[in-house]
Amino acid sequence: MSPEHTARSALDAFDKVVSAAGGFRSRPGQRLMAERVAQTFSEATLGKMENEDDKPLRSIAVIQAGTGVGKSLAYCAPAIAVALARKTRVLISTATVALQEQLVTKDLPALAALMDEPFRFGLAKGRGRYVCKLKLARLAGEGGADDDDMFADELAAAGAPFVRHDEEARMLQYAGLARELASAAWDGDRDNLAQQPDADIWQPIAAEASSCTGKHCPAFNGCTYFEKRKELVGAQVIVANHDLLLSTLGTRTLPELDNCLLILDEGHHLPAVALDKFSTSMDLSRLGWIDTLASRAKRIGSLMGVSEVADVGRYASQLKQTLEDIAKSLAELYAPVLREPSSAYGPPRVRLPKGELPLMLVEPLGMVSVMAESFLGVLNDIAKALRAEMKDAPNEARRLSVLYAQLGMLSPRLEAVHATAQLLLQESPPPPAPARPPAAKWFTLAEVDGRVQIKAYASPILPGSTLRHQLWSGVRAAVVTSATLTSCGEFDFFLRETGLKDDEATTTLEVASPFDYATQGQFVTVQTLADPRNASAFTSEMVLALVRDLADVQHGALCLFTSRDQMRQAVLALPDALRAKVLVQGDLPRIRLIQQHRDRVQAGEVSIVFGMQSFGEGLDLPGQLCETVFIAKLPFASPDDPVGESRAEWLRGVGRDPFSELVVPATAIKLAQWAGRAIRTETDKSFVYCYDRRLSDTSYGQRLLQGLPPFARLRKDPQGRVLA
């Protein structure tokens, strides 16, 4: 079947679904998007090439689909039709659990009931979301005598994160989870627990790859993770998330990217997820785990007859001593920083300008890298010997699986030390070769209960470069979509951030929202007298204007702040009658808070949600649930972000303007997301208030306004009077 015929058939399938579904409504923009999706996925070359010298045809579409377009149907129906025709699979990656759940529980079941050809779908989540039954049984007191010491010294090795729960309380919680699992009241998926356990409770029982022996484990047949994996085997559509996608590159956890149709929804999150995924860190203060890991490695390696285990003690001793020496050097070098108080952004930090290490750290970090690599080599040999023994002696599976888990519990920390040391040691090329920017490198230092705590961090600063090499090099067919991909009316910023700029296989499409923003909404800029850059004076004035405007709310509203202190001051300024109507982020879990807001509005009461940046997207509050959005201040990135600082420094060094090239475009996308909370349906009527006068007083403010939906616009003074 030719690509043209495949695309036409896929679009026909979309049209049939729309006409057959009472709940689905055809929109011109939605069909335009579906047409581009069908074309993109039909023309790419998938799978192995018959002639290895032939170059596969890649096809990538970047599609901004405004709120209300109905993008899930626009990409799902044609993509699935193409996949079924080409006998391949669709991999949908999202950024939020909410969209994953919507696709799996609502959108895909509805679509499966309407399409002519049946298809199966499944949800893919990372191993860490599922329980390891072997670990849980041991911690719940159900383990055998041969694994009594499996976690005997784990708490001491782990350090501070585990001090929040005493041993008796932990045992009771694990016993409760084990009972729920045994009675089938719980399926082993963390997300399905009525009450989410704290990280320090969940981490020791998570089904992490480093401690998993797979089919050799005695609990394999009932393993929740592998049972969920089986559900994906015959699925033509798999719904994952960006974090899982990037963390499993090069593995077979998800469909191979050169032989599937990839859809990245909520694509504006991809650059940030990439930076987070490929950054590294190591704790230089809590190093007891090294001795624990060495002790386990020597004991288990000796049992397995691994000769290299004789060197483990030396590797561990040198590694620990060198890390302690580095920590001591940093404490002396940055002693003044230790006296600084922690800020809203965390403990005091020191960023290394241009990514240049102090000379005194180069040699010891080189030793750390060598020792960690040698140590990891021995651990790999032991793990290989354990797997071989499990294969040859299946009756010993439980004992060997426990030994494997003992190493796997701590080996990721050693891997992190190795990766961090290597990235810290990475040098940027000297001028005039600025093509490869330096890594961002920084340390945090704090004194807690008389003990110095120091951590080292390193991160790439250009997500586009990382994504181009790690992701796009393996992708043949992809659609990237979101309601906010353009910045100030252009795709350029997003294309650079994702590594798709100048990619010949990439096309762009902007599909306008079907909403009549000029009639349905109004964007009001409140002109404060105080300059927003003067945080103290501005916040005081903004809060007074905000409280005045909040009094006019008739039903539901959302108020978004750029800092916790800003939100706190606004809460303190509320009169008692108004305070009773306000729900503040953090006072309740997010789901409960939003449900309480819905209940209040549906009962005819006034309800106002106070939230910070995480509430600026993903909230769908149509109609009276959100008739006004209040934006306290333009959502510029944190001024204390070491990755952003390093990137700005590099841009200035190569003669570019970081504010215009980086700060303004990133803020434009975030502001569009925040304003996008206002109008969610064709019948909504809503206002957006922004108290940052820079929108109307600066040239970049005008650029930001260009990137917003075409609301009717109005300016007011701090007293609420309309300005010409």
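Q: Which residue forms a salt bridge with D116?
A: In this predicted model, D116 sits in the loop between α4 and β3 (121–123), while its partner is in helix α1, so the pair ties together parts that are 100 residues apart in sequence. D116 is exposed, at a relative accessible area of 65%. The closest N and O atoms of the bridge are 3.4 Å apart, and the partner is K16.

Q: Is K16 buried, partly exposed or exposed?
A: K16 has its place in helix α1, residues 3–20. Buried would need a value under 20% and exposed one over 50%. The relative accessibility of K16 is 46%, so this lysine counts as partly exposed.

Q: How far apart in space are K16 and L544, C-alpha to C-alpha?
A: Along the sequence, K16 and L544 are 528 residues apart. For scale, the C-alpha atoms of the protein fill a box of roughly 80 × 70 × 60 Å along the principal axes. Between K16 and L544, the C-alpha to C-alpha separation is 54 Å.

Q: What is the radius of gyration of the protein?
A: The protein has 27 helices and 19 strands. For its 724 residues the globule rule gives 27 Å, and the computed value is close to that, so the protein is as compact as a globular protein of that length; its radius of gyration is 28 Å.

Q: Where in α16 does the kink lie?
A: Helix α16 covers residues 397–425, and its 29 residues reach 41 Å from the first C-alpha to the last, close to the 42 Å expected. Even so, the helix has a kink of about 35 degrees. The kink comes shortly before the proline P412, at L410.

Q: Which side chain of opposite charge is nearest to D107?
A: D107 lies in helix α4, residues 97–112, and is buried yet has no salt bridge. Leaving out residues up to four places away in sequence, D107 touches S72 and Q102. A salt bridge would need a nitrogen to oxygen distance within 4 Å. The nearest side chain of opposite charge is 5.1 Å away and belongs to K106.

Q: Which residues of helix α11 are buried?
A: Helix α11 runs over residues 270–277. The elements covering its buried residues include α10 (242–247), β5 (260–264), β9 (451–459), α17 (463–470), α18 (492–498) and α24 (642–653). The buried residues are L270, P271, V273, A274 and L275.

Q: Which residue meets D187 in a salt bridge?
A: The N to O distance of this bridge is 3.9 Å, and the partner of D187 is K228. The pair links distant parts of the chain, with D187 in the loop between α7 and α8 and its partner in helix α9 (residues 224–233), 41 residues apart.

Q: Is the salt-bridged pair R694 and D692 buried or exposed?
A: R694 forms a salt bridge with D692, with the closest N and O atoms 2.6 Å apart. In terms of accessibility, R694 and D692 are both buried.

Q: What is the phi of A184?
A: A184 lies in the loop between α7 (167–182) and α8 (199–202). This alanine is exposed, with a relative accessible area of 67%. Although A184 is not a glycine, its phi is positive, at about 65 degrees.

Technical notes. Residues are numbered from 1 along each chain as its sequence is written. Side-chain values use heavy atoms; hydrogens and water are left out. Helices (H or I, at least four residues) and strands (E, at least two) are DSSP runs, numbered from the N terminus. The expected span of a helix is 1.5 Å times one less than its number of residues. The bend at a residue is the angle between axes fitted to the seven residues ending there and the seven starting there. Buried means under 20% relative accessible area, exposed over 50%, partly exposed in between (1.4 Å probe, protein chains only). Lys and Arg count as positive and Asp and Glu as negative; His and the chain ends are not counted. Contact means heavy atoms within 4.5 Å. The radius of gyration is taken over C-alpha atoms; the globule rule is 2.2 Å times the number of residues to the power 0.38.
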